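Here is a short tour for anyone opening this one up for the first time.

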2 protein chains.
Amino acid sequence: MSQQQSALLTDLYQLTMLQAYFLEGMEEPASFELFVRKFPSHRNFLLAMGLEQVLEYLETFGFTENDCAWLESTGLFRPDFLDYLSALRFEGDVDAMPEGTAFFPDEPIIRVTAPLPQAQVIETRLINLLQFQTMIASKAVRSVLAAAGRILVDFGMRRAHGAEAALLAARASYAAGFAGTSNVLAGQWFDIPLFGTMAHSYIMAHDDETEAFARFATSLPAERLVLLVDTYDTLEAVRKIIGMASDGPKPSAAPRWIRLDSGDLGALAADSRKLLDDGNLAGCRIFASGDLDEYAIRALMAAGAPIDGFGVGTRLVTSDDAPFLNCAYKLQEYAGKPRRKRSRGKATWPGRRQVFRQHDGQGRMAGDVIALADELQPGEALLQPAMRHGKPWAPRANVLDAARQRIADHLACLPERLQSLEPARLYRVEISESLRNLAACMERV
Amino acid sequence: MSQQQSALLTDLYQLTMLQAYFLEGMEEPASFELFVRKFPSHRNFLLAMGLEQVLEYLETFGFTENDCAWLESTGLFRPDFLDYLSALRFEGDVDAMPEGTAFFPDEPIIRVTAPLPQAQVIETRLINLLQFQTMIASKAVRSVLAAAGRILVDFGMRRAHGAEAALLAARASYAAGFAGTSNVLAGQWFDIPLFGTMAHSYIMAHDDETEAFARFATSLPAERLVLLVDTYDTLEAVRKIIGMASDGPKPSAAPRWIRLDSGDLGALAADSRKLLDDGNLAGCRIFASGDLDEYAIRALMAAGAPIDGFGVGTRLVTSDDAPFLNCAYKLQEYAGKPRRKRSRGKATWPGRRQVFRQHDGQGRMAGDVIALADELQPGEALLQPAMRHGKPWAPRANVLDAARQRIADHLACLPERLQSLEPARLYRVEISESLRNLAACMERV
């Protein structure tokens with residue numbers, strides 16, 4: 001994603017503020033934290049994702065000569081500042097929840113500690129990367145919960161918001177438990193299993209539907225064969241497939257899957273299942289797609305629809321019921337002093353923080369405490385070292401698989417009520433006494 | 001956007017279908033068209049955007065050797081097909097509505113005519129590019145309508161769905177009439193005016209708010225100075241600014257703008273305006289931001305809030321009330337024969353089509369007719385040549401400025417009721433008799 005790593009991919013004010021800091025010599029250590037204030041109403045928990053792309057961005061952060069030359073042409077920046085800018089790298093520390101960690105409102109999921117200009121200038125892209133994948137993983141896991149073990153595939157590329165959204169949505173949904181994606185480049189970049197079917201246009205380009213099925217069958221390994229049955233008349237198409245597989249010399253033409261993409265998916269799946277079973281194609285499974293999301297999947301499952309896999313596209317990659325998170329990256333400490341914003345309705349907790357999580361005797365998550373970073377609290381500290389002095393804290397291998405495993409583990413530990421698609425009673429998140437005292441103390445000055 | 005131009009940025013089924021076409025020798029000309037079936041309920045019209053990026057993609061389309069080597073490793077593709085694929089280029093024709101054209105349900109906004117594999121393989125990225133910018137321009141123009149001439153700036157990068165979404169949202173909203181963006185890279189790539197203010201963190205990093213204002217003022221040309229006043233107490237901050245500008249030796253520290261970002265924006269703007277006017281800062285204008293969209297802007301304007309400019313971010317770049325369009329890219333004709341999908345609820349009109357638009361005596365749009373491409377109908381033909389044999393039809397210079405002008409022109413021609421933010425009685429779109437006859441005829445066979 002090299003061009004996506006351009007340091008110019010930021011808000012102008014980051015650069016004008018940097019110029020002011022440069023002129024003022026303000027380079028003391030600053031700590032910023034990203035957290036989500038209020039959750040969307042249909043999210044009982046969120047899953048932190050996107051850290052890997054943030055670390056890649058920070059490791060390679062820097063303005064090129066061309067960047068600086070162009071910035072000079074805007075007339076906003078002094079030559080001495082641009083010299084400084086051209087040498088600027090990210091050399092700070094990052095502590096973060098590992099990808100796949102379940103988290104709750106107001107909990108910091110990443111803390112960046114660096115000389116103020118370095119911690120500031122990366123804000124826009126850091127939020128851009130973390131909020132999107134966090135939002136998508138948190139949306140995708142709802143389909144995983146609804147599908148109860150059925151195969152889920154990301155079909156969203158065409159309606160994702162641009163190329164990067166498509167790629168990162170494939171990554172985040174795979175972490176959440178999807179089996180794979182239709183997005184070829186995502187498959188290549190992130191080593192995600194690829195799934196493909198066929199389009200209506202393929203059927204329509206042939207004069208005869210049966211001929212289209214037969215020809216497609218010869219072009220692919222049989223175990224990858226999926227035939228799309230709803231271009232004209234779904235059940236008629238299923239009968240054609242059964243006919244193809246029974247007469248003629250080519251029983252290998254029997255597909256492993258048929259795909260339904262329109263109409264009453266539950267009823268068509270039931271009717272197709274019966275036809276297939278009666279037609280000696282009991283091994284042919286049924287895949288469904290078309291405007292699906294966790295609610296549609298839940299309804300189909302509740303109705304006992306014999307559907308073995310779901311393609312989830314548009315509503316997944318746009319997170320259509322909550323297409324953004326109310327997140328902020330806030331200055332918590334500068335030059336050793338805690339900081340706090342007090343804007344009406346947007347006041348924040350001050351200081352560098354840590355989140356401690358406790359589990360009950362059954363291993364279920366029992367409650368979190370947001371505390372000061374140097375406090376000792378019982379439970380697991382969720383923010384872990386990710387970068388020190390601009391270098392990765394540990395080698396990063398198989399990060400996506402690790403995130404996928406972590407999400408599976410966290411789902412198993414999540415209180416059952418939070419696994420509902422409907423809003424549930426909140427998970428307990430407390431503020432430590434020390435943090436409360438600090439905030440109260442800052443209120444008084 | 002070179003890596004975003006990878007030919008692997010597609011759905012797997014495009015490549016498996018291509019392999020089947022290759023084996024079948026199906027290379028006759030095919031025409032595909034993209035259209036939006038049902039509009040989101042709060043969109044009385046949409047604005048076509050994204051053609052420029054589609055043309056760039058098509059001009060440079062091709063699989064690299066590395067792409068083909070990687071595809072071979074998937075085990076799905078035959079070596080002779082991969083040889084064919086490595087030589088594949090886009091050499092077809094494109095007819096499209098110029099960027100910025102207002103359009104209505106079922107109207108094709110682009111038609112691609114090429115040998116079937118070429119017209120098919122580009123589907124996913126073509127939809128991905130066109131639907132996003134179309135959606136954003138159509139969302140952005142609603143803020144333009146609500147703001148009645150006030151300055152609008154795109155502040156959305158941090159919550160855009162990835163880097164490309166941020167860049168293209170800046171482009172599409174500028175075309176719709178925004179004054180510019182905060183996104184530096186978008187400014188560089190698309191030559192869009194840049195706007196920047198300051199962040200709360202800047203204020204918070206200083207021990208004293210007045211000192212922060214004063215220092216920031218020395219770092220920037222005075223005409224670019226915007227001071228953020230809501231970090232602690234908005235009106236108190238305005239009083240500090242007035243104090244700074246009146247006493248002391250530096251009257252140049254008076255900002256051109258103050259920015260409100262939280263609280264009751266209307267009331268705070270009114271109170272700030274009065275303070276500024278009474279404090280000899282009548283020339284200092286008021287900029288507002290924070291969770292804004294066309295509805296919030298309309299409410300502020302209706303209340304007479306003295307706000308001179310709005311920063312619109314998250315809800316613009318995610319098009320949060322309609323984060324996707326129900327669009328399709330459908331095979332209309334293959335090998336000289338019209339084609340039609342008849343899936344329940346998703347049936348389409350067959351054949352290659354054109355849209356003709358008529359205007360009334362006052363120059364207002366009076367109705368469209370969707371006709372066959374080779375029909376003659378009164379009115380303006382909206383699909384115009386954009387590419388022939390894989391080459392641009394005409395030199396493309398200042399395409400973004402032209403789109404911006406076209407949107408301004410089309411807004412002026414739009415029936416007044418459609419300019420409402422609320423759903424209006426539909427614009428008249430008729431289907432020509434010839435197109436109806438063709439569809440009926442295909443129904444009978």
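## The sheet in chain A

In chain A, strand E6 (residues 151-154) and strand E11 (residues 309-312) pair in the parallel sense over 4 bridges. Within that pairing, A:Leu152 has A:Phe310 of E11(A) as its bridge partner. Strands count as paired if DSSP finds at least two bridges between them. The labels follow DSSP runs numbered from the N terminus, with helices (H or I) of at least four residues and strands (E) of at least two.

Some housekeeping: this is a predicted model, where local features need pLDDT of at least 70 and side-chain atom pairs count only at pLDDT 80 or more, while totals for chains, interfaces and linings use all residues. Residues are numbered from 1 along each chain as its sequence is written, and chains are lettered from A and ligands numbered from 1 in the order in which they are written.

Back to chain A: E6(A) and E11(A) belong to an open sheet of 6 strands, ordered E7-E6-E11-E10-E9-E8, with parallel pairing. Its edge strands are E7 (180-181) and E8 (226-228), each pairing on one side only.

## The sheet in chain B

Chain B has an open sheet of 6 strands too, in the order E7-E6-E11-E10-E9-E8 and with parallel pairing. At its edges sit E7 (180-181) and E8 (226-228) of chain B, each of which pairs on one side only.

Further in, strand E10 (residues 285-288) of chain B pairs with strand E11 (residues 309-312) of chain B in the parallel sense, over 2 bridges. Here B:Phe287 has B:Gly309 in E11(B) as its bridge partner.

## Two helix pairs

In chain A, helix H11 (residues 234-246) packs against helix H12 (residues 265-278) at an angle of about 20 degrees, with the axes 10 Å apart. Axes are lines fitted to C-alpha atoms, for helices over the stretch in contact, and angles run from 0 to 180 degrees between N-to-C directions. That makes H11(A) roughly parallel to H12(A); the cut-offs are under 35 degrees for roughly parallel, over 145 for roughly antiparallel, 65 to 115 for roughly perpendicular, and oblique for the rest. A:Thr234, A:Leu235, A:Val238, A:Arg239 and A:Ile242 of H11(A) meet A:Leu268, A:Asp271, A:Ser272, A:Leu275 and A:Leu276 of H12(A).

Over in chain B, the axes of helix H3 (residues 65-73) and helix H4 (residues 79-87) come within 10 Å and cross at roughly 155 degrees. H3(B) and H4(B) are therefore roughly antiparallel to each other. On the H3(B) side the contact is made by B:Glu65, B:Cys68, B:Leu71 and B:Glu72, and on the H4(B) side by B:Leu82, B:Leu85 and B:Ser86.

## How the chains meet

How many residues of chain B are in contact with chain A? The count is 84 residues of chain B, in contact with 84 residues of chain A, where contact means C-beta atoms, placed from the backbone, within 7 Å. H1(B) gives the most to that side of chain B, with 9 residues.

A rotation of 180 degrees with 0.0 Å of shift along its axis superposes chain B on chain A (RMSD 0.0 Å), which is the relation of a two-fold axis. The superposition is by least squares on the C-alpha atoms of residues with pLDDT of at least 70 in both copies. The copies meet through the same surface, because 100% of the interface residues of chain B are also interface residues in chain A.

How values were computed
Two residues are in contact if their C-beta atoms, placed from the backbone, lie within 7 Å.
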